[in-house]
Each structure stands twice: as structure tokens, then as C-alpha cells.
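Me: I have a model open. Please show me how to read a few of its features.

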Amino acid sequence: MVHQMLQSEKPIEGTCHHCRSKTAVVKCQDCLPRPLHCAACDVSIHTSMVFHNRSSMIEGFYRPLPPTTRIREEKGGKFSFHGRECILPVMHPCCDCCSGQTTFSAGKQVILIGMNGRYNVSLPTVSCSCGKALDVGISELIESGYWPATVHFETLYTVDLLATYEDLKITAPGMSGQAFVGMLEQRTKLFGRCGKICGDTMQKSFLEWSYAKFEVERLSEVDEFRCPACTPSMLAVSVDGNRKLYRFKSHSGPNGFFEGVFLANDTEVTSFVNHIRASTGHNPGKGRCGGSEWVAARES
């Protein structure tokens with residue numbers, strides 16, 4: 001296994017797997033089973049597939065290439081690195097003229113955070129032959145699987161990243177958000193990219209996405225807290241553990257988020273307690289279990 005690992009670090013010499021004529025200069029781990037590309041095929045294929053993990057082979061070893069870097073063949077058969085515009089793959093807005101032809105160009109720079117770290121990409125600008133210029137909006141972003149972290153979309157997160165983070169918080173509650181962000185930054189460097197990731201922005205976006213998902217599930221009548229053993233009549237509810245239900249003083253209005261989901265409303269609790277006390281003997285200060293007093297059952 002050690003020998004095979006060493007062999008895999010040696011660049012593969014050969015022709016491009018796509019045009020079958022030019023020398024391969026780029027290896028893409030996500031284009032299997034045809035990973036080798038010449039300079040021209042690399043640009044044509046990866047213009048739309050910007051999230052593929054590519055590596056340069058022109059220096060005798062593998063060097064990770066960010067999506068914003070391409071290889072160009074110079075005169076004399078030499079190769080050099082050059083920058084390029086990287087457009088975010090997203091659903092394009094449609095013009096209402098119904099007859100015009102559209103062209104695409106790179107718009108403003110944005111930051112995208114995914115499971116493989118940070119990407120510096122551009123939002124596309126759609127130009128129609130009728131003269132209109134259409135910008136990508138929140139509807140196109142969410143339909144394409146992105147979650148905007150800011151009002152003007154300077155930072156985006158993939159929904160897959162937020163869903164994975166939610167699963168990790170459930171299966172590994174002790175994992176911190178900063179540790180998860182640190183892992184994303186390490187993967188950013190591993191694939192030849194650069195840039196920091198703000199943990200506070202990611203936490204805020206995750207909470208916004210969680211609440212929006214909760215509202216959608218509520219409208220769809222999805223009840224995640226229903227006990228199959230107690231259905232249709234709930235027998236008992238036991239609350240234990242700190243779920244970090246912060247009280248946000250800046251929240252406008254009398255009601256908070258997730259009202260009545262994690263903690264029951266005061267009116268419902270009071271009505272339930274009065275019903276129990278009316279049905280049984282109320283003896284404050286003592287809790288009987290058989291013939292002995294039970295401290296944990298004491299009423300106060």
C-alpha cells in the first residue's frame with residue numbers, strides 16, 4: 001500500500017483523454033474515468049464544472065489548481081499559469097420577451113462555501129438581445145441549492161453544507177462550530193485555494209436556514225417531535241438537557257421563534273396542572289411513593 005501511494009504521486013505522462021491528440025497537463029479527480037486533460041480541453045470542460053478538483057502536471061509533480069487558474073500553452077511548447085473568470089453554476093433568469101437570445105458574462109465577485117471549503121467565483125449576468133440585463137436573484141440561488149448569507153449575496157453557502165452540519169450537530173453534539181470551520185479552511189488549502197471562512201456568519205446563516213426549514217415543515221404538517229408509541233394520544237413528555245434556547249432581547253413582538261415546540265406555553269401548562277390538581281389530592285411539600293416520601297416528587 002505504501003508503494004502504491006508513492007506511485008500515485010507521480011504524474012501520468014500521456015495524451016489528453018478527451019481530444020486524444022495533445023499532451024495532458026491537468027489531472028481532474030472528479031472527471032473519472034477520463035481524468036487527463038490538455039490545456040484546451042481543461043478550459044472547455046471546466047468552465048461550467050468549476051467545483052472539480054484539478055491538479056497541474058507540468059512541473060513534474062501534482063500542484064492543486066483553484067478554479068480561477070488555467071494553464072496556457074506558449075510558443076515553443078512551454079506552459080504557464082494564467083487567471084480566468086470563474087462563473088458560479090446557477091439557474092439563469094429568463095427574459096419575458098420570449099424571442100431574444102441570451103448571452104452570459106461574469107458579474108460581481110462572491111464567496112461560496114461548500115463541503116470542500118471556500119471558492120472565489122462570480123455571479124453570472126444574463127444579457128438578452130432585446131437589450132435587457134438580468135441579474136441572478138434569491139429565487140435562482142435557492143432553486144440551485146445555495147443559501148445566501150447576506151442581503152446582496154456577497155457570501156453563499158451550499159444547502160448540502162448546512163444539512164451536513166445539522167447532521168453532525170445531532171450525531172456529535174460536542175463538536176464546535178469553530179472546529180467545523182477549521183476543517184473547511186484546511187480543505188480549502190488542500191485543493192489549492194485560499195481565503196478565510198467566518199464562523200459567525202456561517203452560524204447565523206445556519207440558524208436562518210434551520211428556522212426557514214422548520215416553517216416549511218410546519219406548513220407541510222411535518223411533526224418531528226411526535227412519539228410513535230404515544231400516537232394519537234401523548235402520554236407524557238420529559239424535558240431534560242440544555243438545548244441552548246437563547247432569549248433574544250432584540251426580537252420584535254411578544255412571541256419567539258419555534259413557539260410552543262420545545263417549551264409548552266404557560267397557559268397550556270397552567271391548565272394541565274389545574275386539571276391534575278382537581279383530579280387528585282394536592283399535598284404541597286410532600287411527595288409520596290407507596291409508603292415513603294419521594295424527594296424528587298415533592299411539589300412546590
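Me: What should the 21 residues of helix 6 span, at 1.5 Å a residue?
Reply: The expected span of a helix is 1.5 Å times one less than its number of residues. Helix 6 (residues 199–219) should therefore span 30 Å, and its end C-alpha atoms are 30 Å apart, which agrees. Helices are DSSP runs (H or I, at least four residues), strands likewise (E, at least two), numbered from the N terminus. This is a predicted model, with local features needing pLDDT of at least 70 and side-chain atom pairs pLDDT 80 or more, while totals for chains, interfaces and linings use all residues. Residues are numbered from 1 along each chain as its sequence is written, and side-chain values use heavy atoms, without hydrogens and water.

Me: Which residues of helix 6 are buried?
Reply: Buried means under 20% relative accessible area, exposed over 50%, partly exposed in between (1.4 Å probe, protein chains only). In helix 6 the buried residues are G199, M202, S205, F206, W209, S210 and F214. They pack against strand 10 (146–148), strand 11 (155–158), helix 4 (159–171) and helix 5 (177–190); contact means heavy atoms within 4.5 Å. Just after helix 6, E221 has a positive phi of about 60°.

Me: How many disulfides does the structure hold?
Reply: A disulfide is a pair of cysteine sulfur atoms within 2.5 Å. The structure has zero. For C28, the nearest cysteine sulfur is that of C31, 3.4 Å away. C28 counts as buried because its relative accessibility is 0%. For C38, the nearest cysteine sulfur belongs to C41, 3.5 Å away. At 2% relative accessibility, C38 also counts as buried.
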